[in-house]
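Here is a short tour for anyone meeting this structure for the first time. Have a look at the sequence and the model, and then read on.

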Amino acid sequence: MKFLRVNMGSREVTVEEVPQAYMGLGGRGLTSTVVNAEVPPTCDPLGPENKLIVAPGVLSGTSLVNTSRVSIGAKSPLTGTIKESNAGGTVAAALGHMGITAVIFEGQAPAGELFIFRFDENGDGSLVPASAYKGMGTYALAEKMLETYGKKTSVLCIGPAGEQGLTAASIQTTDVDGRPCRAAGRGGLGAVMGAKGLKAIVVDQRGKSTDAIANPEAFKEAAKAFAKAVKEHPFTGQMLPALGTAGMVAPVNSMGAFPTLNATKGVMEGWEKISGEALAQLIQERGGNPSHMGCAQCIVHCSNEFVDKEGQYVTSSLEYETIWSMGGMTGIDDFDTIAKLDHLCDDIGVDTMDTGVAVAGAMDAGYKNFGDGQAAIEMVEEIGKGTPFGKVLGNGAAAIGKHFNHNRVPVVKGQAIAAYDPRAMQGNAVTYATSPMGADHTAGNVVGEYMAGALDPLKPDGQVEASRNTQVAMASVDCTGLCLLASFALTTPEGAGAFLNAMNAKFGAQMGPEDIPAMGIRVLKEELDFNRKAGFTSADDRLPRFFYEEPLAPHNKVVLISDEEMDQALTF
Amino acid sequence: MRVNVKLFGTLGQRFQGYRQEDGLNVEIPDGARVKDLLVHLELSGFKGCVVAVAGRIVKPAGLLENGMTVHILQAGAGG
């Protein structure tokens, strides 16, 4: 277990044992605990007092399938709250194989200086000057890194948006093919990385110092049983491998909850053109790969490789949230344009969700017409070029709203909502409003409850409890490195049992089922505590007014959860 | 009565020649419920099947009406 502190000002790298207060933590549990303990809550997120924490999950680097999520935490420049955003790819497993528990980047490099932090195959880390890569897009950078350090290298990096300090800037990670197409997209953490003068973290994948497993035989058994549960679950074993997350386009439109044309409608006219079914068919016809392995140790293969008419690679992976933000929200209904926008965002290093919602906001404000794909491409290209408009757009949807003095901006705490309209899925209204991270579907998505018929999405009853339960569950999952999508196997007794056995075998512990949510509650408490100290109150846990006032077709509902009910969501 | 059924997820692959744009035109007895339609299509044993009509998830006991468009989906939990 290695715990590294990298002072970007003095360039000093310190390796220490994991401090007692952080023992046993990983992923979001660790990033949020460190941020709450060490980052002054009212600091400038882009100043030297903020810290950027990179932590694989506690199970990353083990043989348990789908545990390749890396958590990145800091105070967010987008929301002003605590932030954890996690990404797939290969870097979590690579760090896990070196026995790295966390790397904490502190201070700031002198103005104008840029560095790469590199872990060699022995797990030794050092800062390498990187001014030659200033302004470089993530695709060219990743290619350079693999050329320089070898193909068995994982890269976590920023593009021009992060260097410019734009508050929708992402941190990109490389997939199993070495492409920087996975993103810790939310909350502008790329800007924090850029402000520190850190262009990339490069990790040799050949580490052989994985932390010991207390009971290897029991772990092996549990891992086998968990993999079986993932394969046998209809969502993770059938739908995701066939259609990827794009398979959600049909259900969410079928429920009237697909925020369309800047959240003015709940069903997109012609949504079948951008459905998961249509995407899989198009990729197949063009010779791309509709069922691609994007992340280390993934057995779900929800990723895809989108190719153009000539069969040339455009992007990976075209996901539900991007299809929505760049398609549904903007009225763009062709995959070639959406894929191009996805690639641009990955290369420039901006969150596809906040950027798509920002483009839609600009269209809604009358700057361009809905459905104008070329205009959307040109707008996003401006971010990379660093034009004045590009800087506004790269600061996300809230900034676009201010720029155009337009009040229909679907954000909470400055962060754009996701592809589930809160008026047609009332539980997601609670999650967007109350999550310590700002509007974030990965913090507690209630859609599964609606599809299972357990809850009526249009009525307020039971929504607060459902949101609370999913927020706790997701906070727990995010500590482990387990992919959110594979985590749906935990909804079966076999999957949940196997996962608990794996955790116990890893730590030599005797945890019961109740200890898993307890882990999530602990994390949420840390996050809420930080936000309180940063000045956030329950008045910030509200959606924009138009969600309470403008009924959403076809159900013609508004958000029905009262402020008092919202305030009960995360009272632990 | 007759309903038009649109299949999503991998469900279309179970019906030879299924075309998404056309769906399936299905004749079922008057008064049929969602569960009857699933039995008719041999989907009742398919884990994770969800039916939506007019923007709402409909439970197995839900009544169908002539001329309805019925979406049969595979349950998902997020993305």
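How many helices and strands are there in chain A? Chain A has 22 helices and 17 strands; helices (H or I, at least four residues) and strands (E, at least two) are DSSP runs, numbered from the N terminus. This is a predicted model, in which local features need pLDDT of at least 70 and side-chain atom pairs count only at pLDDT 80 or more, while totals for chains, interfaces and linings use all residues. Residues are numbered from 1 along each chain as its sequence is written, and chains are lettered from A and ligands numbered from 1 in the order in which they are written.

The C-alpha trace of chain A spans about 55 × 50 × 50 Å along its principal axes. Of the 572 residues in chain A, 64% are buried (20 or more other C-beta atoms within 10 Å of a residue's own, with C-beta atoms placed from the backbone). Among the contacts in chain A with a separation of 6 or more, 72% join residues 24 or more positions apart; a contact here means C-beta atoms, placed from the backbone, within 7 Å.

Let us turn to one sheet. In chain A, S13, S14 and S15 form an open, antiparallel sheet in the order S13-S14-S15, where strands pair if DSSP finds at least two bridges between them.

| Strand | Residues |
|---|---|
| S13(A) | 289–292 |
| S14(A) | 303–307 |
| S15(A) | 313–315 |

Next, a single residue. Val267(A) lies in the loop between helix H8 (249–254) and helix H9 (276–286) of chain A. Val267(A) is buried, because 21 other C-beta atoms are within 10 Å. Not counting residues up to four places away in sequence, Val267(A) touches residues including Phe258(A) and Pro554(A).

Finally, 19 residues of chain B are in contact with 31 residues of chain A. S5(B) gives the most to the side of chain B that touches chain A, with three residues.

Conventions:
A residue is buried if 20 or more other C-beta atoms lie within 10 Å of its own, exposed if 12 or fewer, and partly exposed in between; C-beta atoms are placed from the backbone. Two residues are in contact if their C-beta atoms, placed from the backbone, lie within 7 Å.
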